Amino acid sequence: MTRSETLFEQAKKTIPGGVNSPVRAFNGVGGSPRFIEKADGAFIYDADGQAYIDYVGSWGPMILGHNHPKIREAVHQAVDNGLSFGAPTALEVEMAEKVIEMVPSMEQVRMVSSGTEATMSAIRLARGFTSRDKILKFEGCYHGHADCLLVKAGSGALTLGQPSSPGIPEDFAKHTLTAVYNDLDSVKTMFEQYPEEISCIILEPVAGNMNCIPPVAGFLEGLRALCDQYGALLIIDEVMTGFRVSKSGAQGYYGITPDLTTLGKVIGGGMPVGAFGGKKEVMQYIAPTGPVYQAGTLSGNPIAMTAGLAQMEALCEEGLYEALAAKTKTIAEGLKAAADKHGIPMAINYVGGMFGFFFTEEQNITRFEQVTRCNMDQFRAFYHGMLEQGVYLAPSAYEAGFLSMAHTDEDIEKTLLAADKVLAGMKA
Ligand code: PMP
């Protein structure tokens, strides 16, 4: 047995499924997860000393690569001042100003400790502000595991084949309406049915929890117009896309202005952080200025703020997003070319630093149901083949892949050579 296998068996005795977050258990691909010991640049290293070129990047935040010296050094210094105060700090003010500078639709921002907390709080705020109970989300989009959002959700909830979880009372779930991503008519139908009951629409501006699906032309604009028409708020969940698709998130990339934005892991540079923010008029509605309650003992934690600020400073470097997008294009187009060469049907999507590949005959993947029709056996075979070649992809066909600035041309070339080898072996 490898050390990872031994650790997994040991972990299962004390941790449900051996993991602290379901997708890590490799349920989507089978086999034993790699236990990771350290990470540096584009690489992660497992407990058996094996190195992998990493396209997960801690599920998004590692835009600069792992263990970036600027972030590491800033954290080392911050630790000397103490770990948590439960009182306001100048760092939080600096962070708020930085977030607002980068994402102008956010006039005010509140820090939390995870993406789940960010979306859960934003929804409570939207409901309180509009005095309406219903929310509208899209099938296949994942926004964390708050009760109201775990309805027809993506990511691990899909991989487990359990989009709606037991433990969520139907009385809660009935307030969550679902529509079809990239299908404006399905949203119109919901508004026509409940014209005065929908408090908000929440969506991933580029869906990254049903593989990678960018919005079709006019979709985001159409949602904005419907929200305005019916008096609902538009919440753009940029937990994955924020500072990854562009410096100002997917909203900047597509030129769409939400009422509220949620951010997550990316603003912590790898530390547990989330945030939600938006129009001042709406944000003033939360405690202590307003009646909607929201709080957190560790919110705005000084170490997390320090790591996040160091990362955000570095992200403002000229030309960074063009370079990240170019790397993403090379990997996605390269995978497609390798699949074509070996006669294996594949489609790809990519935007900014996110990409997805689909084992399917269909070419234009814009809908969740198309993802569910993909060939999962081929995905699993490809996944394990790549792992053996030293390439670590997301262990589920429902997750997007992530590039970092630490991925060199050589790393990408090695990845594509590995893909060529694996796909050659998969020929029917
Ligand atoms: N929203 C989106 C778009 C996400 O991708 C995720 C998690 N990947 C979340 C919310 C929840 O974030 P967290 O896991 O930090 O609670």
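Modeller: In α12, the residues Y321, L324, K327, T328, I331, A332, L335, A338 and A339 are buried, where buried means 20 or more other C-beta atoms within 10 Å of the residue's own, exposed means 12 or fewer, partly exposed lies in between, and C-beta atoms are placed from the backbone. Because they cover an arc of only 140° around the axis, they sit on the same side of α12, the arc being that of the directions from the helix axis to the C-beta atoms. This is a predicted model, in which local features need pLDDT of at least 70 and side-chain atom pairs count only at pLDDT 80 or more, while totals for chains, interfaces and linings use all residues. Residues are numbered from 1 along each chain as its sequence is written.

Biologist: And which residues are exposed on the other side of α12?

Modeller: Those are E322, A326, D340 and K341. Helices here are DSSP runs of H or I with at least four residues, strands are runs of E with at least two, and both are numbered from the N terminus.

Biologist: What do the buried residues of α12 pack against?

Modeller: They pack against β11 (347-351), β12 (354-358) and α15 (409-425), with contact taken as C-beta atoms, placed from the backbone, within 7 Å.

Biologist: Changing topic, what are the domains in the assignment?

Modeller: The domain assignment gives domain 1 (3-67 + 318-425) and domain 2 (69-315), with bounds that come from an automatic or database assignment. The contact takes 33 residues from domain 1 and 36 residues from domain 2. On the side of domain 1 that touches domain 2, α12, β11, β12 and α13 (368-372) each supply at least two residues, and β12 gives the most, with 4 residues.

Biologist: How many residues does the largest nonpolar core have?

Modeller: The largest nonpolar core has 132 residues, and C200, I201, L233 and I235 have the most contacts inside it; such a core is a set of buried Ala, Val, Leu, Ile, Met, Phe, Trp, Tyr and Cys residues joined through C-beta atoms within 7 Å. Helix α11 (residues 302-315) gives the most to this core, with 8 residues, and the core draws at least three residues from each of domain 1 and domain 2.

Biologist: What about G255, is that buried or exposed?

Modeller: G255 counts as exposed because it has 9 C-beta neighbours inside 10 Å, and G255 is found in the loop between α9 (249-254) and β9 (260-263).

Note on methods: Contact = placed C-beta atoms within 7 Å.
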